[in-house]
Amino acid sequence: MFHLSCETSEDWWEVEALYDLCFGPSREALSSYRLRYGVTPITLLSLVARDQDGILAGAIRYWPVLVGAAPALLLGPIAVHPTRQGEGLGGLLIRESLQGAPAQDWDRVLLVGDAPYYCRFGFEPLSGVVMPAPTNPKRVLGLSLVANGWIGITGSVTNLRL
Ligand SMILES: CC(C)(COP(=O)(O)OP(=O)(O)OC[C@H]1O[C@@H](n2cnc3c(N)ncnc32)[C@H](O)[C@@H]1OP(=O)(O)O)[C@@H](O)C(=O)NCCC(=O)NCCS
């Protein structure tokens, strides 16, 4: 029903509009955006989902960051158009995009979000991983993409320009 593809520069403003719709235009004031300014998202993992008419239904982006000195993926934003929510598309976007990450040598992924949603994909609260303030530490969640991917990884989350 939905066609997934890597986001291209032609998708950019349409995806921005979807994020504005889902999060509100003040979304860029969130502390996590400080890790995104001036950084290019990881195009091979950032996906758009379109329906059979080509209408954008959902999108997910990933950014490179450092946790201490260790590289990690920052997942987000992810959004599904309000008229398409609850059909499994959010889950599809997360699972499909993460499937390609280990082949690109990513060992771990983190996000700031609702644990009750993300725990179904294996995300767990991270301790010792400090996002830019103000961030509720309980919302900082991580997933290992390889065995023990988060063991011993702590520190501040900072920009990584690849
Ligand atoms: C969060 C979002 C991406 C999920 O996409 P989706 O396609 O609706 O999700 P799915 O269909 O895969 O999953 C739906 C399930 O997730 C649950 N869910 C959705 N958002 C949730 C949340 N924030 N917390 C807990 N559960 C949530 C639904 O209740 C539903 O539960 P069920 O399977 O028990 O019925 C989408 O709701 C969205 O874009 N929301 C607005 C933007 C947003 O909040 N993004 C995430 C930032 S943390």
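Let me start with Arg120, where a polar side-chain atom lies 3.4 Å from an oxygen atom of the ligand, a polar contact being a pair of N or O atoms within 3.5 Å. This is a predicted model, in which local features need pLDDT of at least 70 and side-chain atom pairs count only at pLDDT 80 or more, while totals for chains, interfaces and linings use all residues. Residues are numbered from 1 along each chain as its sequence is written, and side-chain values use heavy atoms, with hydrogens and water left out.

Two further contacts belong beside that one. An N or O atom in the side chain of Gln85 is 3.5 Å from an oxygen atom of the ligand, and at Gly90 a polar backbone atom is 2.8 Å from a ligand oxygen. On its own the ligand exposes 890 Å², and the protein buries 63% of that, the areas coming from the Shrake-Rupley method with a 1.4 Å probe.

Which residues come nearest to the ligand? Of the 17 residues around it, these are Val80, Gly86, Gly88, Gly90 and Asp114, where a residue counts as near if one of its heavy atoms lies within 4 Å. The shell has eight nonpolar, six polar and three charged residues; in this scheme Ala, Val, Leu, Ile, Met, Phe, Trp, Tyr, Cys and Pro count as nonpolar, Asp, Glu, Lys and Arg as charged, and the others, Gly among them, as polar. At least two residues of the shell come from each of β4, α2 and α3, with helices (H or I, at least four residues) and strands (E, at least two) taken as DSSP runs and numbered from the N terminus.

Where does the ligand sit? It sits in the largest pocket, which is to say that more than half of its atoms lie within 2 Å of the pocket's grid points. A pocket here is an open set of points, on a 1 Å grid over the protein atoms alone, where a 1.4 Å probe fits and where there is protein on both sides within 12 Å along at least five of seven lines; its lining residues have an atom within 4 Å of a point. The volume of this pocket is about 790 Å³, meaning the space filled by probe spheres set on the points.

The lining has 34 residues, and Phe23, Ile78, Val112, Gly113 and Tyr118 lie nearest the centre of the pocket. Strand β4 (70–80) is among the elements that supply at least two residues, and it gives the largest share, seven. By class, the lining holds 17 nonpolar, eleven polar and six charged residues.

The second largest pocket has a volume of about 160 Å³, and its lining includes Trp12, Glu16, Arg61, Trp63 and Pro77. Here α1 and β3 (56–67) are the elements that give two or more residues, and the lining has six nonpolar, no polar and five charged residues.

Finally, some backbone details. Most residues other than glycine have a negative phi, and most peptide bonds are trans. The bond from Gly76 to Pro77, however, is cis, with omega near 0°, and Pro77 lies in strand β4. Another cis bond runs from Ala133 to Pro134, with omega near -5°, Pro134 being in the loop between β7 (129–130) and β8 (140–144). Asp105, in the loop between α2 and β5, has a positive phi of about 70° although it is not a glycine.

Definitions and conventions:
A polar contact is a pair of N or O atoms within 3.5 Å; within protein, one must be able to donate a hydrogen and the other to accept it, and residues adjacent in sequence count only if both atoms are side-chain atoms.
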